[in-house]
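Welcome! Take a look at it first, and then we can walk through it topic by topic.

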There are 2 protein chains.
Amino acid sequence: MTRSDGGTDTLPSTALLTDHYELTMLRAALADGTAHHQAVFEAFARRLPAGRRYGVVAGLGRLVEAIQAFRFTDAQVAWLEEQGIADARTAAYLRDYRFTGQVDAYREGEICFPGSPVLTVTGTFAECVVLETLVLSVLNHDSAVASAAARMVTAARGRTLLEMGSRRTGEASAVAAARAAYVAGFDATSNLEAGFRYGVPTRGTAAHAFTLAHTDERAAFASQVAALGTGTTLLVDTYDTATGIENAVAVAGPALGAVRIDSGDLAAEARAARARLDALGATSTRIAVTSDLDEHTIDALADVPVDVYGAGTRLVGGSGHPTAGMVYKLVAVADRPGADAPLRPVAKTAAGKASTGGRKTAHRELDARGRAVRETVVVGPATDVPGRALQVAVIRDGHVVHAPTLDEVRAHHRGAKAELLPADLDLADGSPRLVAAAAADLAGSAA
Amino acid sequence: MTRSDGGTDTLPSTALLTDHYELTMLRAALADGTAHHQAVFEAFARRLPAGRRYGVVAGLGRLVEAIQAFRFTDAQVAWLEEQGIADARTAAYLRDYRFTGQVDAYREGEICFPGSPVLTVTGTFAECVVLETLVLSVLNHDSAVASAAARMVTAARGRTLLEMGSRRTGEASAVAAARAAYVAGFDATSNLEAGFRYGVPTRGTAAHAFTLAHTDERAAFASQVAALGTGTTLLVDTYDTATGIENAVAVAGPALGAVRIDSGDLAAEARAARARLDALGATSTRIAVTSDLDEHTIDALADVPVDVYGAGTRLVGGSGHPTAGMVYKLVAVADRPGADAPLRPVAKTAAGKASTGGRKTAHRELDARGRAVRETVVVGPATDVPGRALQVAVIRDGHVVHAPTLDEVRAHHRGAKAELLPADLDLADGSPRLVAAAAADLAGSAA
């Protein structure tokens, strides 16, 4: 599974997707012995983005794969030595590095709240500390997109949602964003790599360039219908939308699949389009709208005859919150080497960034109707806490033990979201009804 | 240079970093012959993000490499056929695809304005249309980060700036962001892959976890100084900043390189830290501050004794504008195959998204003191337009002819930014003084 270049069959080495300070900490910790002390790190968000009532965890599947590919190549280690970042001892450690510890996590697609211990990494201080940046880059990005996507899914009220934001984010983030949106309930993506790599359904037909490349709109439509069938979606707003719809139905007939509108007042355009299509007998032709949509603009179109929404810029930017704000913190550490050494709970006390020490266990308590009423987080193991256990074993002794399919992840998300109340799903700015951090007062025994 | 898997020596295949519709357009265009007509596409932003007075073009070097790696593997083509996206003719075209056309562009690091024709791609309709998403993903992301970074560089007034945002963006975007920030004048990054791949200087010392992993702060500091020398930066706010500074100087002596503060009221903390350090004789010890800094918070610290700023979340999110808003539009196309076929200027006329047809040529006119006074864009070739030609030949017949080093890119950016007026560099919300789009009224002959 691991290639000579440090990566896996599907992923090149991820080992340098790491902040410099992780390796200087490693270097000092190897020198003083702390490197070999058992440690527990947790990823969590102190708060949700302003106005958000809940978050969605995403990226776990990608992270697990990235941790498997966290192997240093000879060239990488040589460079670290040349740069004076790694000394000989650190270089030797990195050459042999592979994560052999434990990862526990909220399932991908799970709902999360402030303080939810989304990911717990246990192992030696050395093997855990070097994963900080990779863990956070993946979880923060994918969770930000999934959290925005979940709100758009609510706003769409069952209408079809397409992710189309690849051009508005980094080319690799685009693939991850398509996957995260699908986790949160989007129906498909425009991104082909997300289809190829993750099996996300892909969709697409034509851009304005295709119409412009032909001498007139009807010629473009005729070519598209000839190649893709009458079930295709014709983009009708290159010149004049009313004429575009007439041309579309004239060319494809009333069985035309859909028309797409990408400009103007979308509500007015969609209503006019519906009336025109119906008048032309194209009563089953669907209407797709695209153009900087987010949960609020989608919500505002609820009473408009739109069938398909394409969301891009705002979606991949997390609807104004491009990061989920998670941090990766040491919460317990031993003071001597060995698996049996007792763990000392630790926490930073700096202003505004204080956190609770000790390894957390989280449950979501549900009422008789299956609705979430409490996020209970206790320090240490928790055996008699009511509710659904939120953490699952993901990696044991370096081996992946939790690898759901993307459709299983989607299903888990649907179920977890169904535990929320209408007030949680309200798109207006609000505060989370459940807060895991506060429940740390329930703390039991130290980790 | 090209590997069997479609990538280059340094990059795997980028061919599926593409929106589905590009391949359905290709399929229809191959069927009707339009695929083989000469075409010109331009990338430009209709407007800058709200409040911005100028933009910075970045990502060109990455894009050139990504275009070279835009080659379809057999597995990719087979998947496209299985999915029904590519028919046999399209599959055959994709198997042999390599870009053989021309790319002209604003130099990386160049200043841009609304309407600036930042990138021009010329070739057959087929070979150009499939690059849309890749072009925009790279340029929009990298330019958004560089545009934010340039404002932070202005705000920092020559003090050291470090990019530390890897954990707040997708793991691959993090590498690109580090590179883009360096282009715009940042001094270094925390991201190791950016150092390894692009030669961006990297920096880092320790996180709170390192202090917490030791039984007391002095033990942690002693270990760090032993490993990294007294020139290192000690993070002093894990418990109490005043005590942290005392411990730092007690351990490292007055030659301590720097202290870092990551929490609290940074202005008050930095002033207090300076006084404490001076009182302890550590008058040359520098003060680094980190914690959600952006151009405005950096600007507000101008009178505070800070030596080093670390910027993360806001920087990699483009300071609230994570995409540069560029589009990739067909501006001219032939109506028959052949290199000699005349090009017809084309433009969408849809509401709010109208653009000017024809291939553009751009110059920046400078006054006697070398300050930018006009962005002149004409349709067609321009030989007697005053000012600095903004476009350079980047790819000719598929071969890269412009490959500056990253330091040359940085130097170009410095020079171009020096042509701006103080009003352009004002961090307050404003409008661009120069607008390339408006100058299209100067249009000469059609392309």
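How many of the 13 residues of helix 1 of chain A are buried? The count is 11 of 13, so this helix is mostly covered. Please keep in mind that the model is predicted.

**Helix 1 of chain A**

- Helix 1 covers residues 20–32 of chain A, and its end C-alpha atoms are 19 Å apart.
- That agrees with expectation, because 13 residues at 1.5 Å a residue should span 18 Å.
- Among the buried residues of this helix are H20(A), Y21(A), E22(A), L23(A) and R27(A).
- The helix is followed by G33(A), which has a positive phi, near 95°.

**A domain from the record**

- An unreviewed UniProt entry annotates residues 16–140 of chain A as "domain: Nicotinate phosphoribosyltransferase N-terminal".
- In the model, this span is 42% helix and 19% strand, and its end C-alpha atoms lie 18 Å apart.

**Aromatic pairs**

- Across all chains, a search of the whole structure finds 14 aromatic pairs.
- In one of them, the rings of F196(A) and W79(B) have centres 5.7 Å apart and planes at 75°, which makes the pair edge-to-face because the angle is over 60 degrees.
- This pair crosses between chains: F196(A) belongs to helix 8 (residues 192–198) of chain A, and W79(B) to helix 3 (residues 74–82) of chain B.
- F196(A) is partly exposed at 31% relative accessibility, whereas W79(B) is buried at 9%.
- F41(B) and Y328(B) make a stacked pair, with 4.9 Å centre to centre and 15° between the planes.
- F41(B) sits in strand 1 (residues 37–45) of chain B and Y328(B) in strand 12 (residues 326–337) of chain B, so their pairing ties together parts 287 residues apart in sequence.
- Both F41(B) and Y328(B) are buried.
- Elsewhere, F70(A), F72(A), Y93(A) and Y97(A) are linked by ring pairs into a cluster.

**Charges over rings**

- R410(B) places its charged end over the ring of Y182(B), 3.8 Å from the ring centre.
- R179(B) has its charged end over the ring of Y198(B), 5.3 Å from the ring centre.

**A buried histidine**

- H208(A) is found in helix 9 (residues 208–212) of chain A.
- Is H208(A) buried or exposed? Its relative accessibility is 5%, so H208(A) counts as buried.
- Leaving aside residues up to four places away in sequence, H208(A) touches L235(A), D237(A), T238(A) and D262(A), as well as K329(B) and K348(B).

**A sheet in chain B**

- As background, strands of a sheet pair through backbone hydrogen bonds, either parallel or antiparallel.
- Chain B has an open sheet of 7 strands in the order 13-12-1-5-3-17-18, with antiparallel pairing.
- Which are the edge strands? They are strand 13 (343–345) and strand 18 (399–400) of chain B, and each pairs on one side only.
- Strand 1 of chain B pairs with strand 5 (residues 119–124) of chain B over 6 bridges, in the antiparallel sense.
- Opposite A43(B) stands L119(B), a residue of strand 5 of chain B.

Key: Residues are numbered from 1 along each chain as its sequence is written. Chains are lettered from A and ligands numbered from 1 in the order in which they are written. This is a predicted model: local features need pLDDT of at least 70, side-chain atom pairs count only at pLDDT 80 or more; totals for chains, interfaces and linings use all residues. Side-chain values use heavy atoms; hydrogens and water are left out. Rings of Phe, Tyr and Trp (its six-membered ring) pair if their centres lie within 6.5 Å; planes under 30 degrees apart count as stacked, over 60 as edge-to-face and the rest as tilted. Helices (H or I, at least four residues) and strands (E, at least two) are DSSP runs, numbered from the N terminus. Buried means under 20% relative accessible area, exposed over 50%, partly exposed in between (1.4 Å probe, protein chains only). A charge sits over a ring if NZ of Lys or CZ of Arg is within 6 Å of the ring centre and within 35 degrees of the ring normal. The expected span of a helix is 1.5 Å times one less than its number of residues. UniProt positions are given in the numbering used here, feature names are shortened, and annotations may be inferred rather than shown by experiment. Contact means heavy atoms within 4.5 Å. Two strands pair if DSSP finds at least two bridges between them.
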